[in-house]
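Here is a short briefing to read alongside the model. Let's start with charge pairing and then move on to the ligand and its surroundings.

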Amino acid sequence: MLSKILPFWSQYFHYIIFALISYCALVNFISKRKHLSYIDSNEEEEEDEDEVENESALPNDLEHIPFAYVRPSVEDLKRRAEEFYKLANARRTLRFFSSDPIPKTVIQDIIRAAGTAPSGAHTEPWTFVAISDTETKKQIRNIIEKEEEINYRKRMGKKWTTDLKPLKTNWIKEYLTTAPYLILVFKQKYSILPNGKIKTHYYSDMSVSIACGILITAIQYAGLVTLTSTPLNCGPAIRALLGRPLHEKLCLLLPVGYPADDATIPKLQRKPLSDILIEI
Ligand code: IYR
């Protein structure tokens, strides 16, 4: 028996050791990936929801009322759809802002509009922070520029930075201190009600994304400009600076204002309808 096993071992010894090492490396790699994706999606440890009593999103006896609606004529439909397309098509991402002030009520109405977005079970899982305070804007710029320098130099990699070269972006973000307002959009993973109960949020990523779409369109309609920025790795530091709770995650940061007089934009083309629409 032994004589049969021994030649097997001596003959395949290297392969077996190699297979074992590869297996251990693979297991190690997969567990690290799992850990990383956990950190990425949670950023910080979430509260143990099992121990807290849960509140329904909506009351059981929620009233349903008639929908007040005035049907537009077909001509009006066509005119309004085209008008809105032209307005949306005139929007451009701006990186050069004027420091001229804008009325606070304009920002409030823009955020009111964003807050009309549909949300899973009407949970409205968003918090908007509007900053006009010079010192806070400086602190945000500091946090972002420090992280972005590391992003551009190390994290983003050759392919990403090469792809971005034509847009002439880098880690210096002057607009963070020149724009009169910064609007920060946070996603609430759940909400904590005044009675301490937890309200579960559904489809919060999609709900917040739609709110962001309405937000940038409202900015455009008002006659202002913005830049949809998603500062990489800055979320927790900015959340701490603004005193937002751990269950809120920074999704988007938008400088808002008038464009600088000498503002430039990259000459880009949008895809034609035939490239984005399939009619069946
Ligand atoms: N967040 C970086 C990098 C960046 C990424 C994309 I995608 C852009 O379209 C532009 C920039 C920055 O804001 O510089």
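In this predicted model, the structure holds 12 salt bridges. One of them joins arginine 141 and glutamate 145. The ligand, for its part, sits in the largest pocket.

**Salt bridges**
- Side chains of opposite charge can pair when their charged atoms come close.
- In the pair formed by arginine 141 and glutamate 145, the closest N and O atoms are 2.8 Å apart.
- Because arginine 141 and glutamate 145 are four residues apart in helix H4, about one helical turn separates them.

- Lysine 173 has an N or O atom in its side chain 2.3 Å from an oxygen atom of the ligand.
- Tyrosine 152 places a polar side-chain atom 2.5 Å from a ligand oxygen atom.
- The ligand taken alone exposes 370 Å², and the protein buries 66% of that.

**Pocket and shell**
- The largest pocket is where you will find the ligand.
- Two elements give two or more residues to the shell around the ligand: helix H4 (134–155) and helix H5 (157–164).
- Around the ligand you will find Arg95, Glu148, Tyr152, Met156, Trp160, Leu164, Asn170 and Lys173.
- By class, the shell residues comprise four nonpolar, three charged and one polar.

Key. Residues are numbered from 1 along each chain as its sequence is written. This is a predicted model: local features need pLDDT of at least 70, side-chain atom pairs count only at pLDDT 80 or more; totals for chains, interfaces and linings use all residues. Side-chain values use heavy atoms; hydrogens and water are left out. A residue is near a molecule or strand if one of its heavy atoms lies within 4 Å of it. A polar contact is a pair of N or O atoms within 3.5 Å; within protein, one must be able to donate a hydrogen and the other to accept it, and residues adjacent in sequence count only if both atoms are side-chain atoms. Accessible areas come from the Shrake-Rupley method with a 1.4 Å probe; for residues, only the protein chains shown count as cover. On a 1 Å grid over the protein atoms alone, a cavity is a set of points where a 1.4 Å probe fits but cannot get out, and a pocket is an open set with protein on both sides within 12 Å along at least five of seven lines; lining residues have an atom within 4 Å of a point. A molecule sits in a cavity or pocket if more than half of its atoms lie within 2 Å of its grid points. Ala, Val, Leu, Ile, Met, Phe, Trp, Tyr, Cys and Pro count as nonpolar, Asp, Glu, Lys and Arg as charged, and the others, Gly among them, as polar. A salt bridge is a side-chain nitrogen of Lys or Arg within 4 Å of a carboxyl oxygen of Asp or Glu.
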